[in-house]
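Hello,

Here is the structure I promised to pass along. Please have it open while you read, and I will walk you through what turned up.

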Amino acid sequence: MNADLKEAWKEGSQRANAAYMGARRRVSVDPITRLEGHGKIDIFLNESGDVDRAYLQIPELRGFEVFSLGRPAEEMPQITSRICGVCPTAHHMAATKALDDLYQVEPTSAGRKIRELVYNVFMMEDHALHVYILGGPDFIVGPQAPAGQRNIVGVIGKVGVEVGKRVIGMRRRLRELIAYFGGKVIHPVLGLPGGVSKALNPADLPRFKELAKDNLEFALFTLQVFRDIVLKNAEYVKLITSEAYTHKTYYMGLVDGKNQVNFYDGQLRVVDCEGKEYAKFAGKRYREFVAEHVEPWSYVKFCYLKPLGWHGFEEGPGSGIYAVAPLARLNVTEGMPTPKAQEAYMEFFNTLGGKPVHHTLANHWARVIEMVFAAERIVELVNDPEITSPDVRRLPTARPSVGVGVVEAPRGTLIHHFETDERGIITLANLIVATQNNAARIAMSVDRAAKGLIKKGEVSEGLLNMVEMAFRAYDPCFGCATHSLPGHLPLVAGIYDTQGNLVRELLQLPC
């Protein structure tokens, strides 16, 4: 490890210690809840009882970039799908697309459409998970309702058993379609370089058409539920648009040739905090635009726009911080490719004052709009005459070298980058996960929410949940987002007495 980086770690450690020592009171939320992965929030109050600083700390670490080394490239869609049990299809598809690029093979038309069908089904059921089970309880049950009620049981208590059955039943049916092509839901075996492993039997098409029809009705029902429960509640709208949940940053997401949303493919488009296009580039060029920063208090690496540089946790046109996820995808696009989603898209921006929308909690509304788009796209694909073609794979013949695959995961832009030797053995694996792209803005969101909500030392369980809502809106997956650094892990262990005074510090630096 070079001297400059060691100094950065030491300086960061000193800043963290100063925050500890300067605080009269520390409030911890440990563990944080209703997310994928693990984390904690430490809030430090000043002498007046207001928030001095709030830190979202991610203590878990996973080493997929390291133990992928030496493996055959064709195993990566299966290896990387093990990163997360909630979003395995996203990693599977990004890795599969990276193999297309690695072996320089274009999938057949039917193979590509099957991939896109499965992927939109995945996006639909994953968004439904967050809307009704992870993020939804904060609105359906209430942000300051008792903790025991802010869950799926509380949601069913509010919306009724029949609606609960409908939610669970639709997700089950959608997951059955993923299993049809991939063999199983959690870790599908579907994607191959040049296509997919299974065609759609024409005899099975009628039931998938019926599923697509029912699913679109469910997506439109969910949009109406959001209108009735959230948008008709003046207090909720006030909360969504409040300064406590607002940041003016850059945004990034995949767009098609018309600058419309596409989950499966396209170019990456970045707009600034005024909504103007800052950059547009193919996924293979991501290293020209995306860089990673580290802080001593989290194992998540913080992505920023490389040309603008890292200027700390600041917003505005000079900051390199950007966001991905549903809100970002709507901000970077010029419309939705399907009619019902386009109507909802126009309603979204007309209601919230035009583009771009900077309100973090508006991610929930954007997520529901994306459910409508995914449902409409599923209908289009199952009615495409080519969807039952047996020509689902083109065999690769090129020698492998470098491959990059990009998709829009439910949580935002996901990039897989593999490099191999001439035998196709992995020599480098780099994953830029959606939550890494969002990490800096998430940290800012937690800090701002804490400062906006906690005053004069008055801290309640309900207020702490509202601080959690700041990260929950992004639907983060911290299991996906943490990767090992070269050498030993950096570690700062502080020992404090009962008055909050630092007694001893143990410091381990990376090699």
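This is a predicted model: local features need pLDDT of at least 70, side-chain atom pairs count only at pLDDT 80 or more; totals for chains, interfaces and linings use all residues.

Strand E2 (residues 40-45) and E3 run antiparallel and are joined by six bridges.

E2 and E3 belong to an open sheet of three strands, ordered E1-E2-E3, with antiparallel pairing. Strand E1 (25-29) and strand E3 (51-57) are the edge strands, and each of them pairs on one side only. On average, neighbouring strands in this sheet are turned by 15 degrees against each other, direction ignored.

Two helices lie across this sheet. Helix H15 (residues 434-453) lies across E2 and E3 and runs at about 145 degrees to E3. Helix H16 (residues 461-472) lies across E1, E2 and E3, and its direction is at about 125 degrees to E2.

There is another open sheet to show you, made of three strands in the order E12-E13-E14, again with antiparallel pairing. Its edge strands, each pairing on one side only, are strand E12 (402-409) and strand E14 (426-432). From one strand to the next, the twist averages 10 degrees. Strand E13 (residues 412-420) is joined to E14 by six bridges, and the two run antiparallel. Within that pairing, Ile415 has Ile432 in E14 as its bridge partner. Helix H4 (residues 88-102) lies across E12 and E13, running at about 150 degrees to E12.

Now for a helix pair. Helix H8 (residues 161-182) packs with helix H9 (residues 205-231) at an angle of about 140 degrees, and their axes are 11 Å apart. H8 and H9 are therefore oblique to each other, since angles over 145 degrees would be needed to count as roughly antiparallel. The crossing of H8 past H9 is left-handed. On the H8 side, the contact is made by Val163, Arg166, Val167, Met170, Arg173, Leu174, Leu177 and Tyr180. H9 contributes Arg207, Phe208, Glu210, Leu211, Asp214, Asn215, Glu217, Phe218 and Phe221. Sorted by class, the contact of H8 with H9 has 10 nonpolar, six charged and one polar residue.

Two single residues may also interest you. Leaving aside neighbours within four places in sequence, Thr246 is in contact with Thr241, Glu315, His358, His359 and Arg448.

The other residue is Phe289, found in helix H11 (residues 286-289). Phe289 is buried too, with a relative accessible area of 12%. Which residues does Phe289 touch, not counting those up to four places away in sequence? They are Ala279, Phe281, Tyr304, Leu305, Lys306 and Pro307. Phe289 and Met170 are 119 residues apart in sequence, and from C-alpha to C-alpha they are 39 Å apart in space.

Happy to go through any of this with you at the screen.

Best wishes

Notes:
Residues are numbered from 1 along each chain as its sequence is written. Side-chain values use heavy atoms; hydrogens and water are left out. Axes are lines fitted to C-alpha atoms, for helices over the stretch in contact, and angles run from 0 to 180 degrees between N-to-C directions. Helices (H or I, at least four residues) and strands (E, at least two) are DSSP runs, numbered from the N terminus. Angles under 35 degrees count as roughly parallel, over 145 as roughly antiparallel, 65 to 115 as roughly perpendicular and the rest as oblique. A crossing is left-handed if the near helix is turned anticlockwise from the far one by less than a right angle, and right-handed if clockwise. Contact means heavy atoms within 4.5 Å. Ala, Val, Leu, Ile, Met, Phe, Trp, Tyr, Cys and Pro count as nonpolar, Asp, Glu, Lys and Arg as charged, and the others, Gly among them, as polar. Two strands pair if DSSP finds at least two bridges between them. Buried means under 20% relative accessible area, exposed over 50%, partly exposed in between (1.4 Å probe, protein chains only).
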